[in-house]
Amino acid sequence: MKSNIASIPYKLSLKGRDLVTWLDYTAEEVHELLNVAQYLKKNPRSKSLEGKILGMIFEKSSTRTRVSFEAGMLQMGGHAIYLNSRDIQLGRGESIEDTARVLSSYVDGIMIRTFETEKVTQLAASSSVPVINGLCDTYHPCQALADVLTILETKGTLKGVKAVYIGDGNNVAHSFMILCAKLGMDVVVSCPEGYEPKADIIGKTVELAANSGGSFTLTSDPIEAVNGADVVYTDVWASMGQEEEALKRLEDFKGYQVNEGLLAHAAPDVTFLHCLPAHREEEVTADVIDGPHSAVFQQAENRLHVQKAILQSLVV
């Protein structure tokens, strides 16, 4: 059934914008995207992207990013083209700038999942169509929007929620910190020494929290971090490209596993989040990720809805 996309209560125009990091968006603009995502979750099928094409560049493998973007385009009447970097000239030395100019003449939007953040920013600077950061070494903005939508659904509000991230201060942590602080949440990050988020990201998060009425705390003590937490979030300890460090990281992250003992220090109705894929019995125990506090698979489904909201708002 065709849904009436025109009935979405748009307040702002985001058409033509790139999405590299949430630092480029206001809190009002993020709320706009969340509103659109909630609408599209209830009204999943439309023809709003009929005739539109999304080019998807993958230099890192993916399950949720690829399937959610591709399914989202199809559900809204559009089409997505999978472009593995090994199969296009970008993987053979063609410049980002040339790739951007060529793809812009073929497609209506570009999503890239890559390593260096500079590739995303260069692609956006040279493209005449919207560029969406599907993941880079510094940011994972689409994941963070799904995280926040899940928190909104489970808690009924965002402002004042205590959201705790336990583990590696990686790209997932960066985008989660930025977005939660921007939306007025009390953000706590707990990492082993040497695995903290980047200093400049911490500085920006502190500033965002001060402006939104939220707060930011960094601690190496996970028990202190989760005390009274409304949300507890973790990710794998060794991400893609860090496989050679896996054994060292297993040792360094001892004590940072999210298990029933750690979760007992949180609020009774705590929500557990994980961006997946998960390594059960490493960063999280099976009884937590499969337990009553887990919203992990709701969170994973929400990748589809927020991706569609981003496409609907930036590309149409």
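Here are legends for a few close-up views of this predicted model.

**View 1. A four-stranded open sheet.** Reading across the sheet, you meet the strands in the order E2-E1-E3-E4, paired in parallel fashion. Strands like these hold on to one another through backbone hydrogen bonds. At the edges you'll find E2 (79-84) and E4 (131-135); each has a single partner strand, so one side of each is left without a neighbour in the sheet.

**View 2. Where E1 meets E3.** Let's zoom in on one pair of strands. E1 covers residues 53-58 and E3 covers residues 109-113, and five bridges link them in the parallel sense. To get your bearings, look for Leu54, which sits opposite Gly109 in E3.

**View 3. A helix lying across the strands.** Helix H4, made of residues 117-126, lies across E1, E3 and E4. Compared with E4, H4 runs at about 165°.

**View 4. Helices H5 and H12 packed together.** To describe two packed helices, you give the angle between their axes and the distance between those axes. For H5 (residues 141-155) and H12 (residues 296-314), that's about 115° and 8 Å. Their crossing is right-handed. On the H5 side, the contact residues include Cys142, Leu145, Ala146, Leu149 and Glu153. H12 contributes, among others, Gln299, Asn302, Arg303, Val306 and Ile310. What classes of residue make up the contact of H5 with H12? There are six nonpolar, seven polar and three charged residues.

Conventions:
Residues numbered from 1 in each chain as written. Predicted model: local features only at pLDDT ≥ 70, side-chain atom pairs only at ≥ 80, totals over all residues. Heavy atoms only, no water. Pairing = 2+ DSSP bridges. Helix = DSSP H or I, 4+ residues; strand = E, 2+ residues; numbered from the N terminus. Contact = heavy atoms within 4.5 Å. Axes fitted to C-alpha atoms, helices over the stretch in contact; angles between N-to-C directions. Left-handed = near helix turned anticlockwise from the far one by under 90°. Nonpolar A, V, L, I, M, F, W, Y, C, P; charged D, E, K, R; others polar.
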